[in-house]
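Student: Hey, can we go through this one together? I'd like to start with how the chains meet.
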Amino acid sequence: MVDERGKVFLMPKLVFREERCKGCGLCVLACPKKCLEITKKLNNQGYPVAGLVDPDRCNGCALCAEMCPDLVIEVWK
Amino acid sequence: MKQVFKRPATLKDVPFHFCPGCHHGLIHRLVAEAIDAYDLREKTICAASVGCSVFMYDYFAVDVCESPHGRAAAVATGIKRALPDRFVFTYQGDGDLAALGIAEGIHAAHRGEKFTIIFVNNAVYGMTGGQMAPTTLLGQTTTTSPFGREPQREGYPFRMAELMALAAGTAFSARVAVNNPKNLMQAKKVLKRAFEAQLNGEGFSFVEFLSSCPTNWKMSPEQANRRVGEEMARQFPLGIYKDISSEGGRPER
Amino acid sequence: MSSPKMELVNGNEAIARGAIAAGCKFYFGYPITPQNEIPEYLSKHLPEVGGTFIQAESEIASVNMLLGAGATGARAMTSSSSPGISLKQEGISYLAGSEIPGVIVNMSRSGPGLGGISPSQGDYFQATRGGGHGDYRTLVLAPFSVQENYDLTALAFDLADKYRNPVVILADALLGQMKEPIILRPVTPQSFDKSWALTGAKGRPPQFLKSLYLNEGDLTRHNWKLFQKYQQMKAEIRFETDLTDDARMVVVAFGSVARIIKTSIRMAREEGMQVGLFRPITLFPYPEEALFRLSQKVDHFFVVELNTGQMVEDVKLSVDKGARVDFYGRPPGSIPTPDDLLEEIRKVY
């Protein structure tokens, strides 16, 4: 992807399988950059799902994915 | 772009039934990752136990034998003696290993049976609704220790990693936790060493995972993780209690 | 053709040798009187045939080791005596529920509780009614001689594999401790499909063995499936009739009692009584049809057991409603002589 200054870099990409999320919040705790939050969105199990609050801060360390008990998050870098 | 975190092949792509924040999901994944790391999936046979982990066969893409409550170590003995070149492990909770199955676990260690016990210690009986376990902490209230565990009334908790380390047949015994990223990464290393003890034919290997049970502890996942790191780790210190491959087998932190 | 070689063998040892002859490679057990010759013999001789012997920490541990080894498709056995068999009941229920083969030998002693070490037939209900929890059955074979100890133990392994079910050998202290000359015939173990066994998911999808069925309807179907299997087991019914062709009264007895009765009925015949013996060899499935057919010709049965009344119930269920069924029960404590039983036969004839 290209930013407005023409610099090409690749943002780490997180994919959330929201239907698997149980809103436990362990990913939020694990993130060293405080990028994550439990959103107000409910999945079809009735759980509020986790999501990125600020994608720009994410450096793809994948600690959120490592700490998620339900393998909700996939990480690309 | 490459994927830096993905589901291990040994873990089936199905939702876990565990409660929000329960560490079973993490421990299942770590065990599956270790199976993948050593390319063991096609030669692994698991002796499952009874508790929240009774549905192992729904999650692990390996052969699984259901065992009566507490008897997984005996079932694993039968399996490993029948097929010594397969990779065999049990996955047991507090009641299964430290109550019903204490004899089977300790005798397997003393016989030096070449399989690995994964022990999930969450200081409570989860599946049955939160009763006291042999590993319930002093002072902890449960549905059958409503006044808080006291030695005179309920006796002392079992320290299984230490107990297993005492057996001469044990090649490796350790206690780990998965309540924060640092502990989780250490747990991965420890688990691999335990698997190696079996793969190298060194003897019995044992890994105790301190684990949370937010539902029965009546805590949020965050509070539960803190309890694992603080209160639990104080009564059950993390570390390696026996490793015959290192000189002296000093506990490492 | 030379006559087959006979060897004087102890009853318990004959069971161990029957197991080895049938290709049993795994034995897990725990010492208990009166069956210790079984683990002792196997501890020495099983390794000679490449087998594995484990003296486990308890009867519970050993039946669960049996479950594990059986789950991999191996031929495995455990043995004990009455109180230890009580300990194994949960494991046997799991074997039956998960359809894992295994052979369990009960050299019965006296009960209830610690009881004594003399022979008894007090475990008949435990063996034939499932013993553990849930709606299951095990095939039950009841030898009455050291030769049958050997032959029926060897047969048990084929039956366990054929039906994917635990098989119980129900004998007693007398049959375990006595010595008789027997023929140790070579056994050709049959082979059965073991694609269900847990051997590692190489070249096939992973599989599991379990008895837990929580989804709606699954356990109901599973129980009916097991029930159908137990009906099919009727093909294995075995029994012996001795002097029943012209009998006016037939004694029904199994195991060690039956061999004593064989002498008693001959003594009775010398006194002019027309008495015969019907000896069930499979206690489950019970030879009810054969006994019923016999009750169309004979209307008087006399059940003799070393207990206060267990098999007599199956006899009453089997025979024609018009038949008379007398019972002589001898709880454990002393073994009856042929004269003792002849006296009882006289009383009811």
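**Where the chains meet**

Student: How much area is buried between chain A and chain B?
Tutor: This is a predicted model, and in it the area buried between chain A and chain B is about 2300 Å². Carbon and sulfur atoms give 65% of that.

Student: Why quote an area at all?
Tutor: The accessible area lost when the parts come together is often used to give the size of an interface.

Student: OK, and which three residues of chain A supply more of its buried area than any other three?
Tutor: Those are A:Glu66, A:Met67 and A:Leu71, with 28% of the area that chain A buries against chain B.

Student: How many residues touch on each side?
Tutor: On chain A there are 26, and they are in contact with 31 residues of chain B.

Student: What about salt bridges across the interface of chain A and chain B, how many are there?
Tutor: The rule finds 4. One of them links A:Glu66 to B:Lys188, where the closest N and O atoms are 2.8 Å apart.

Student: Which helices and strands of chain A each supply at least two residues to the side that touches chain B?
Tutor: Helix H1 (26-30), helix H2 (63-67) and strand E4 (73-76). By type, the residues on that side of chain A are 17 nonpolar, 1 polar and 8 charged.

Student: Which strand of chain B is joined to E4(A) by bridges?
Tutor: Strand E1 (residues 3-5) of chain B, through 2 bridges, with the two strands running antiparallel. In that pairing, A:Trp76 has B:Gln3 as its bridge partner.

Student: Switching topic: at what angle do H3 and H5 of chain B cross?
Tutor: Roughly 35°, and the axes of H3(B) (residues 72-82) and H5(B) (residues 102-111) come within 8 Å. Among the residues that meet there are B:Ala73 and B:Arg81 from H3(B), and B:Gly105 and B:Ala108 from H5(B). The contact divides into 3 nonpolar, 2 polar and 3 charged residues.

Student: And chain C, in what order do the strands of its open sheet come?
Tutor: The 7 strands go E3-E2-E4-E5-E7-E6-E13, with mixed pairing. E3(C) (52-55) and E13(C) (282-284) stand at the edges with a single partner strand each, so one side of each has no neighbour in the sheet. On average, neighbouring strands are turned by 20° against each other, direction ignored.

Student: How does E13(C) pair with E6(C)?
Tutor: In the antiparallel sense, over 2 bridges. There, C:Leu141 stands opposite C:Thr282.

Definitions and conventions: Residues are numbered from 1 along each chain as its sequence is written. Chains are lettered from A and ligands numbered from 1 in the order in which they are written. This is a predicted model: local features need pLDDT of at least 70, side-chain atom pairs count only at pLDDT 80 or more; totals for chains, interfaces and linings use all residues. Side-chain values use heavy atoms; hydrogens and water are left out. Contact means heavy atoms within 4.5 Å. Buried area is the accessible area (1.4 Å probe) that two parts lose on being put together, summed over both. A salt bridge is a side-chain nitrogen of Lys or Arg within 4 Å of a carboxyl oxygen of Asp or Glu. Helices (H or I, at least four residues) and strands (E, at least two) are DSSP runs, numbered from the N terminus. Ala, Val, Leu, Ile, Met, Phe, Trp, Tyr, Cys and Pro count as nonpolar, Asp, Glu, Lys and Arg as charged, and the others, Gly among them, as polar. Two strands pair if DSSP finds at least two bridges between them. Axes are lines fitted to C-alpha atoms, for helices over the stretch in contact, and angles run from 0 to 180 degrees between N-to-C directions.
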